[in-house]
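Here is a briefing on the structure shown below. It goes helix by helix, then turns to charged pairs, rings and surface.

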Amino acid sequence: MELQIIFRWWKISLRSEFRSAKPGEIKESHEDFLENSHLQVQVALIFGARILDYVFNLCEGKFDYLERLSDQLLLKIICYLDLEDVARLAQTSSRFAKLCKSDSLWEQIVQSACDTITPDMRALAKDLGWRQVFFTNKIQLQRQIRKKKRQGKQKEKHT
């Protein structure tokens with residue numbers, strides 16, 4: 001069985017003569033696609049360079065399974081990594097950099113590292129971010145929580 005790439009398109013128009021138009025289709029073997037620069041240009045123009053690279057990789061047998069996983073699933077996996085590995089993973093791509101710096105990942109990391117998360121910690125994390133909360137030592141956190149409470153009491157007095 002020869003592996004093929006199939007591109008289909010539909011003509012969308014308000015004109016009545018195109019309403020009954022059938023979808024177009026091009027089928028190419030992987031090898032033919034890799035040699036067809038005209039089709040590659042069309043793919044890049046319509047779908048962008050990222051999709052063209054993805055199709056090239058598929059044709060060459062390079063499957064990136066992580067690329068197909070949702071951000072939510074990747075975050076669940078990343079939270080099991082050591083911190084050094086999280087830092088290394090963040091350097092591999094812009095997608096992983098975004099995920100490794102995301103507040104939701106660091107909230108999971110803080111939750112796994114702490115016995116309890118108080119409402120005061122949550123409020124502080126809302127202001128600072130969970131990553132900052134994780135890397136701030138306990139004494140500094142307690143000071144910041146007290147400061148935030150004082151600021152809240154001062155705002156109540158003025159209202």
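Helix α4 (residues 71–78) buries Leu74, Leu75 and Ile78. These three span an arc of only 105 degrees around the axis, so they sit on the same side of α4. The buried residues of α4 pack against α5 (83–90), α6 (94–100) and α7. The model is predicted.

- Leu39, Gln40 and Val43 are the buried residues of α2. Their arc around the axis is only 105 degrees, which places them on the same side of α2.
- The packing partners of the buried α2 residues are β1, β2 (24–29), α1 and α3.
- His38 and Leu45 are exposed on the other side of α2.

**Helix α3 and what follows**

- Helix α3 (residues 49–59) has Leu52, Val55 and Cys59 buried. They cover an arc of only 65 degrees around the axis, so they share the same side of α3.
- The buried residues of α3 pack against β1 (4–9), α1 and α2.
- Gly61 follows α3 and has a positive phi, near 80 degrees.

**His30 in helix α1**

- His30 belongs to helix α1 (residues 30–35).
- His30 counts as buried because its relative accessibility is 13%, and the cut-off for buried is under 20%.
- Leaving aside residues up to four places away in sequence, His30 touches Leu3, Gln4, Ile5, Leu58 and Cys59.

**Nonpolar surface patch**

- Val41, Leu45, Ile46, Phe47 and Ile51 make a nonpolar surface patch of about 510 Å².
- Which helix gives the most to the nonpolar patch? Helix α2 (residues 37–47) does, with four residues.
- Val41 lies in helix α2. Its relative accessible area is 46%, so Val41 is partly exposed.

**Salt bridges**

- Side chains of opposite charge can pair when their charged atoms come close.
- The count of salt bridges is six.
- Arg88 pairs with Asp85, with the closest N and O atoms 2.8 Å apart. Both residues lie in helix α5, three residues apart, or about one turn of the helix.
- Arg88 is exposed at 52% relative accessibility. Asp85 is partly exposed at 30%.
- Arg122 forms a salt bridge with Glu107, and the closest N and O atoms are 3.0 Å apart. Arg122 is in helix α8 and Glu107 in helix α7, so this pair ties together parts that are 15 residues apart in sequence.
- Both ends are partly exposed: Arg122 has 38% relative accessibility, and Glu107 has 24%.
- Glu60 forms a salt bridge with Lys62, where the closest N and O atoms are 3.3 Å apart. Glu60 is partly exposed, with a relative accessible area of 42%.

**Aromatic pairs**

- A pair of aromatic rings is described by the distance of the centres and the angle of the planes.
- The count of aromatic pairs is six.
- Phe63 and Tyr65 have ring centres 6.2 Å apart and planes at 35 degrees, so the pair is tilted. Tyr65 is exposed, with 60% relative accessibility.
- Phe134 and Phe135 have ring centres 5.1 Å apart and planes at 90 degrees, so the pair is edge-to-face. The relative accessible area of Phe134 is 25%, so this residue is partly exposed.
- Phe7, Phe33 and Phe56 are linked into a cluster by ring pairs.

**Distances along the chain**

- Cys114 sits in the loop between α7 (103–113) and α8 (119–128). Cys114 is partly exposed, at 28% relative accessibility.
- Cys114 and Phe134 are 20 residues apart along the chain, and their C-alpha atoms are separated by 9.5 Å.
- Gln151 is in helix α10 (residues 138–158). Gln151 is partly exposed, at 40% relative accessibility.
- What separates the C-alpha atoms of Gln151 and Val43, 108 residues apart along the chain? The separation of these two C-alpha atoms is 56 Å.

Note on methods
Residues are numbered from 1 along each chain as its sequence is written. This is a predicted model: local features need pLDDT of at least 70, side-chain atom pairs count only at pLDDT 80 or more; totals for chains, interfaces and linings use all residues. Side-chain values use heavy atoms; hydrogens and water are left out. Patches are made of residues with over 30% relative accessible area and no salt bridge: like charges are joined within 9 Å, nonpolar side chains (Val, Leu, Ile, Met, Phe, Trp, Tyr) within 5 Å. Accessible areas come from the Shrake-Rupley method with a 1.4 Å probe; for residues, only the protein chains shown count as cover. A salt bridge is a side-chain nitrogen of Lys or Arg within 4 Å of a carboxyl oxygen of Asp or Glu. Helices (H or I, at least four residues) and strands (E, at least two) are DSSP runs, numbered from the N terminus. Buried means under 20% relative accessible area, exposed over 50%, partly exposed in between (1.4 Å probe, protein chains only). Contact means heavy atoms within 4.5 Å. Rings of Phe, Tyr and Trp (its six-membered ring) pair if their centres lie within 6.5 Å; planes under 30 degrees apart count as stacked, over 60 as edge-to-face and the rest as tilted. The arc is that of the directions from the helix axis to the C-beta atoms.
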